[in-house]
Amino acid sequence: MKHLTYLIIGIVVTVVFFILSCSDGFNIWEQLYFNQGYNDKMYNLSMYPVIAAITILVAWGGAAIYYYAINSVKFDRWYHWLAVLGVVAVLAPVVCYIYNDTVFAENGLMYVGESIQFEMQTVLFAALLYIVASFSMRWWSSNCRHTPLPQ
Amino acid sequence: MNMRRLPLLIACIALLAGLAACGGHGQLEKAVRSVLVNGDTTRAAYDSLCSLVTDNPGKYSDLLTPEGRVDHKKMAEFIENIGSHLRPPMHWDTRPYGGVDDLSLTVYFERSGSMVPYDQRGGGGQLKKAVNDLINHFPAGSKVDINIVNDGIYPYQHTVDEFLKDRDIYQSTAGMGDASYTDFQLIFDKILEAQRPGNVSVLVSDLIYSPKDTHGVSLDKIFNEENSLATRVFAKYKGKSVVVQQFMGDYSGKYYPYNGEPFNYSGKRPFYLVIIADSDVMDQLAQDKRYNGVLDASGMRNSYRFNQGVSTVDCRVLPEWKDNAGRFRVKHGDGIVLAKCEGDRQTGKLCFSLAANLGSLLKDDALLTNAANYDVQSVDGYTLTVQPIEQSMLTANNKEYLEGMTHLLTLTGDCKSPRDEVRISLRNELPAWVHQSSSDNDASASGSFSTTTLGLEQLLGGMFDAMKGGKSFFDVTIQLQR
C-alpha cells in the first residue's frame, strides 16, 4: 500500500505539472524564465503542452528503462541511477529545443538565445520528474528497487 | 497480469488522460491559431479552414448547418473564442467571407449650375474619375443605382456602363430638375429615408448650400440655416455613419457666388463625396478588403468620419520594442494591465508602446498623429507620442503585435507611484482641414478660393453636432502596477 501511495503521488505531481504547463494565468514555465514576446509565442502556438509532454515522457521513460529494462545488479549503484538522470537532463532539453526551433521556423520566427535560456528550465524539470518517477516505480523493480536509496 | 507492469500501465493512462484534458487542441484549433499568429487573415486562409470543417463533418458537426454547409456564424464564434484567448487577444472579422451579401451602392450626382464646370471636356476629369472609381471599387455584380440631384432626386436614365463611359455627364443629363439651386435638406432627408440595410449612399457635390429665394438674406442667416438643417436631418436618423471625402478637381466655367455677379473661373476647386451608411455597414466598408479603395480613394485630399458613439479601438502592448525603457510584464485578461513595472535604471522612466488600429475611426493621419489632439491623464505625468506603423517596422517576431494595426502610441513617464492609471482619449472635434477649407466669401476668385468651399464649416459642423456621440472618439485605459 505504501508503494502504491508513492506511485499515486508521483502521478498526481506529474499531472499537476502538466496542467500548470497548459495554464494561461499561472504557467510553471513562465516562473523561472520570462521574456514576454517569446513566452507569448510559446503560448499562442500551443507549445507548452508539447514541451511538458516531452519532458514527462523522457523523465518517466528514463526511469522506466532504468528500473525495468536495464534492471540489472551490475547497474544497481546510485551513480548508475545518477548517470541515467544525467542522460534524461540532457536529452529532454535537446528534444524540446529541436521541437521549439522547428515550430518557430515553420512560423518564420527567430528565438535562438531565448530558446537556449528557456531550455535550462527543462534540465531542472526533467531531473525533478525523473526523481519523482523513480520513487513512483522503483518498488516493483526486481534488481534496482534499492537504488538510489536503500528501501 | 504481471504486477511489475502495473505502475507503467497506470502512469501511461494517467499521462494520456492529462494530455487529453489539457492539450487536446484539435486540428482546426491549431490551424486557426496559426492563421491568427501569422497574421494570415485572408479569404484563402478562411476557405482552407472551411475545407477542414467540411472534410471532417463528423468531428466538426457543430460548425455545420443541417445541409452540411459551414455555419459561418458559428465559425466566427469559434475563431473569436480562440483569438480572444491568445496573447495578445486577436480578432478576425470573417463576415466578408461568410456568405454576407454584397453591399449595394446608390450614387446621388449633384447637377447644379456650379457643378457643371467640374466635368468639362478639356479638364482633368477628376470628378468623374472619383465617381467611376467609387463604382468600380464595389465588387462586380453589386447593385448600383445612379440618381441626379438638384431641387429633387431623379433617376439616371441609362445603364451603369453608359454612365462610366459618359464623357459629358452634365450634357447627357441636361434638363433634369432645376439646376439653379440645391436643396440639401430635401436631398439628405430623402437619402436617409430611402436607405435600406446593406446600402451605401454617396452624394457627389460641391457642398455649397444654395437654397431657393435667398435674395436679400444675409450670409450669416444662411449659414445658421445651413447648420441647423444639417443637425436636424442627421439627428432624425440614428445609427448612421457619414464619411466626407474632399477631392480637388479642374473647374472651368461660370461660378455663381452667393453675393455678387457670376464670373468665369479656370483652376482647381474642391468637391466632395459624402458617403452615408449604417454604422455597421461603414465598419464593413473599412474592414472588408473587397471594398478597398472606397474609403481610401486615390486622389483624396482629406476625409472625416462622422460617427455616433465612441468606437472601440483594438490595442496591443508591444513587449519588445526599440523605444521601450524600464521593465514591465503584460497581464493577460480583461483590459490592459502592466504588472511589475520598473523604471529605467539610469533615467527612472518607464516607456512602453501600444500598437492600435485607428483605421476604423477613418480620421486623417494629421489628426491621428498629432499628440495635441489627445488627452492623457495619469498620476506620474505620462506623455504621448503617436506615429503611423510602416511596413518596414514589421519583423517576424513583432508581426503578431503590429499586423493589422495602424499607429504606435508611445507613453513615457516617471515610474514612481505604486499604482497608476493612464487614460488616453482622442478628443472628438472637427478636424482642422474643415475650418481651413471653409470660406465666408466667394465673391471673387482671389485668395484661397481655389481650396475653399463657401459655408463648409457650417454644414459639416451641423452634421457634427447631430452625430457627436461623446467627448472622445475612443478611450484606452492602461493600469500600471509596480
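Student: In strand 10 of chain B, which residue is the bridge partner of B:Arg329?

Tutor: The bridge partner of B:Arg329 is B:Ala339, and strands, like helices, are DSSP runs numbered from the N terminus (E, at least two residues, for strands; H or I, at least four, for helices). This is a predicted model, in which local features need pLDDT of at least 70 and side-chain atom pairs count only at pLDDT 80 or more, while totals for chains, interfaces and linings use all residues. Residues are numbered from 1 along each chain as its sequence is written, and chains are lettered from A and ligands numbered from 1 in the order in which they are written.

Student: In what sense do strand 9 and strand 10 of chain B pair?

Tutor: Pairing requires that DSSP find at least two bridges between the strands; here strand 9 and strand 10 (residues 336-342) of chain B are joined by four bridges in the antiparallel sense.

Student: In what order do the five strands of the open sheet in chain B stand?

Tutor: The order is 9-10-18-15-12, with mixed pairing. Strand 9 (327-331) and strand 12 (374-377) of chain B each have a single partner strand, so at these edges one side of each lacks a neighbour in the sheet. Neighbouring strands are turned against each other by 20° on average, direction ignored.

Student: At roughly what angle do helix 9 and helix 14 of chain B cross?

Tutor: With axes fitted to C-alpha atoms, for helices over the stretch in contact, and angles running from 0 to 180 degrees between N-to-C directions, helix 9 (residues 219-236) and helix 14 (residues 456-467) of chain B cross at roughly 35°, their axes coming within 7 Å.
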